[in-house]
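Subject: Structure for your review

Dear colleague,

My notes on it follow directly after.

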Amino acid sequence: MSNAGPNGPKEFEGKITIYVVICGVIAATGGLMFGYDIGISGGVTSMDDFLEEFFPGVYARKHKAKEDNYCKYDNQGLQLFTSSLYLAALVSSFVASKLCTKHGRRLTMQAASVFFLAGVVLNAAARNIAMLIIGRILLGVGVGFANQAVPLFLSEIAPVRIRGALNILFQLDVTIGIFVANIVNYLVSNIHPWGWRLALGLAGVPATMLCLGSFVIAETPTSLIEREQLIEGLAMLKKIRGTGNVDAEHQEILHACEMARQVKQPFRNLMKRSSRPQLVIAIAMQVFQQFTGINAIMFYAPVLFQTIGFKNDASLLSAVITGIVNVLSTVVSVVLVDKVGRRFLLLEACGQMLITQVAIGGLLFVNLRATNELQHGVAIWVVVLVCLFVSSFAWSWGPLGWLIPSETFPLATRTAGYAFAVSSNMVFTFVIAQAFLSMMCHLRAGIFFFFAAWIVVMGLFVIFLLPETKNVPIDEMTEKVWKKHWFWKRFMDEEEEERR
Ligand code: BGC
């Protein structure tokens, strides 16, 4: 793990206390909520009982023998069910960034779980599309709040030497959430006619865990001190570090808060030329993360597997398999990211994703016509290729899409910059969720070549424009990375000239 803390690779005294680990594990359940949502919507939207009740048109089309394979599920309302959540999360992440600063990380997490629970109740009890969509919007507000507060919280409570590991704990919980949702989809699909209600209702479990857990966890010392609760902040720091000797770290937090206070307009600061490199990298990492095509698979795997001719059970089971591959491969990233570096993982994954996307596209292009079914052998190959694709995403663009934006900004613009990263992720998750089924209907197997083309672009981006940040202390990033980079250094030079 990297030893880089917000102010360098210093080792402060202090143990990895049980309390800090418990706080980390509890907070990361925010990732479970996000992941469960990602995994559940595809399963539910492929269930007949659900379609019959809310989308009878799609249901009828799905069962028409002559209906075009690639277009069975092309329905704006159905896509809106999945995507409305991300639109709400996009807007709410900016509100959450303010709430986090003014009222703390813990309260933001509590608010997240309450919104989320309200959404769960509406969804599980839904009688019409309006209840479904409003429920999804409330879930989205919960996700927007949690995704802003949880990674911040994890970074702030983590002892410097396990900061990287704790950060990826969030993504690990996202993948566990997706996996659990895949299993639930599989188990409830044979409970008629209300299995889908159970699937949507069980989203209440991680939200309740976060809600109750948030009464156990600490507020971060940084947040307390930032909000002028100096005595409580110091006491909390001693408690989570398990030692009275926290002077060095305390000084550093005081200094960081002081610097942050001087920047009255973090968002305006972010627009300066000298912030351009970090901002471009943070946004590009998130946009590219989504244009790998991962969510075409995460949201719509059951639908996709049905498209290629699997029966209901087989397609849900295949989604369970991709789910477990996703979790295990994320663990690979935890172990390797600080050893082999970010660029290596990203580039290796580009190669693996390019080959698998082209192979899936090629297989479908040759074998899947509008109304036939894939031969069993070919369909199995598609599942294997999807697993290889998911695994490479899971040790690269998945966690690093969140990690890199969190480590490239200087302190003064870090939280504002991170809010941009979260919201760009949500915008493009929305775009993919809303457009994928229509794109598949129009581009047919070509959809996979579309994503393959993006993978080439992002590979070139990494080669030429993404600097390695492994083992570089966060606050030495400007000196050691940006000022030395063949392209980005010009932005730094000009900033210095302006200052002179
Ligand atoms: C992405 C999600 C994706 C998930 C898959 C996350 O990092 O932001 O959009 O569904 O990884 O594991």
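The notes below cover helix packing, salt bridges, a loop residue and backbone geometry.

This is a predicted model, in which local features need pLDDT of at least 70 and side-chain atom pairs count only at pLDDT 80 or more, while totals for chains, interfaces and linings use all residues. Residues are numbered from 1 along each chain as its sequence is written, and side-chain values use heavy atoms, with hydrogens and water left out.

Helix packing

Helices (H or I, at least four residues) are DSSP runs, numbered from the N terminus. Axes are lines fitted to C-alpha atoms over the stretch in contact, and angles run from 0 to 180 degrees between N-to-C directions.

Helix H5 (residues 105-124) and helix H9 (residues 204-213) have axes that come within 9 Å and cross at roughly 155°. H5 is therefore roughly antiparallel to H9, a term applied to angles over 145 degrees. The crossing of H5 and H9 is left-handed, that is, the near helix is turned anticlockwise from the far one by less than a right angle. On the H5 side the contact (heavy atoms within 4.5 Å) is made by Met109, Ser113, Phe116, Leu117 and Val120, and on the H9 side by Gly204, Ala207, Thr208, Leu210 and Cys211. These residues divide into seven nonpolar, three polar and no charged; Ala, Val, Leu, Ile, Met, Phe, Trp, Tyr, Cys and Pro count as nonpolar, Asp, Glu, Lys and Arg as charged, and the others, Gly among them, as polar.

Ser113, found in helix H5, counts as buried at 0% relative accessibility. Buried means under 20% relative accessible area, exposed over 50%, and partly exposed in between (1.4 Å probe, protein chains only). Leaving aside neighbours within four places in sequence, Ser113 is in contact with Ala207, Leu210 and Cys211.

Helix H14 (residues 276-291) packs with helix H19 (residues 397-408) at an angle of about 165°, their axes being 9 Å apart. H14 is accordingly roughly antiparallel to H19, and the crossing of H14 and H19 is left-handed. From H14, Gln278, Ile281, Ala282, Met285, Gln286, Phe288 and Gln289 meet Trp397, Gly398, Leu400, Gly401, Trp402, Ile404, Pro405 and Thr408 of H19. By class, this contact has nine nonpolar, six polar and no charged residues.

Salt bridges

The structure holds 11 salt bridges, each defined as a side-chain nitrogen of Lys or Arg within 4 Å of a carboxyl oxygen of Asp or Glu. Three of them are described here.

In the salt bridge of Arg197 with Glu53, the closest N and O atoms are 3.5 Å apart. Arg197 lies in helix H8 (residues 195-201) and Glu53 in helix H2 (residues 48-54), so the pair ties together parts that are 144 residues apart in sequence. Arg197 is buried, with a relative accessible area of 18%, whereas Glu53 is partly exposed at 38%.

Glu156 forms a salt bridge with Arg105, with the closest N and O atoms 2.8 Å apart. Because Glu156 lies in helix H6 (residues 129-157) and Arg105 in helix H5, this pair ties together parts 51 residues apart in sequence. Both Glu156 and Arg105 are buried.

Glu407 forms a salt bridge with Arg342, the closest N and O atoms being 2.9 Å apart. Glu407 is in helix H19 and Arg342 in helix H17 (residues 342-367), so that distant parts of the chain, 65 residues apart, are linked. Glu407 is buried, with a relative accessible area of 8%, and Arg342 counts as buried at 3%.

Ser396 lies in the loop between helix H18 (376-394) and H19, and at 0% relative accessibility Ser396 counts as buried. Ser396 and Leu345 are 51 residues apart in sequence and 5.4 Å apart in space, C-alpha to C-alpha. Not counting residues up to four places away in sequence, Ser396 touches Leu345, Leu346, Ala349 and Gly401.

Backbone geometry

Most residues other than glycine have a negative phi, and most peptide bonds are trans. The peptide bond from His192 to Pro193 is cis, with omega near -5°; Pro193 is found in the loop between helix H7 (163-188) and H8. Glu228, although not a glycine, has a positive phi of about 65°. Glu228 is found in the loop between helix H10 (221-226) and helix H11 (230-241) and counts as exposed at 55% relative accessibility.

With kind regards

How values were computed: Helices (H or I, at least four residues) and strands (E, at least two) are DSSP runs, numbered from the N terminus. Angles under 35 degrees count as roughly parallel, over 145 as roughly antiparallel, 65 to 115 as roughly perpendicular and the rest as oblique.
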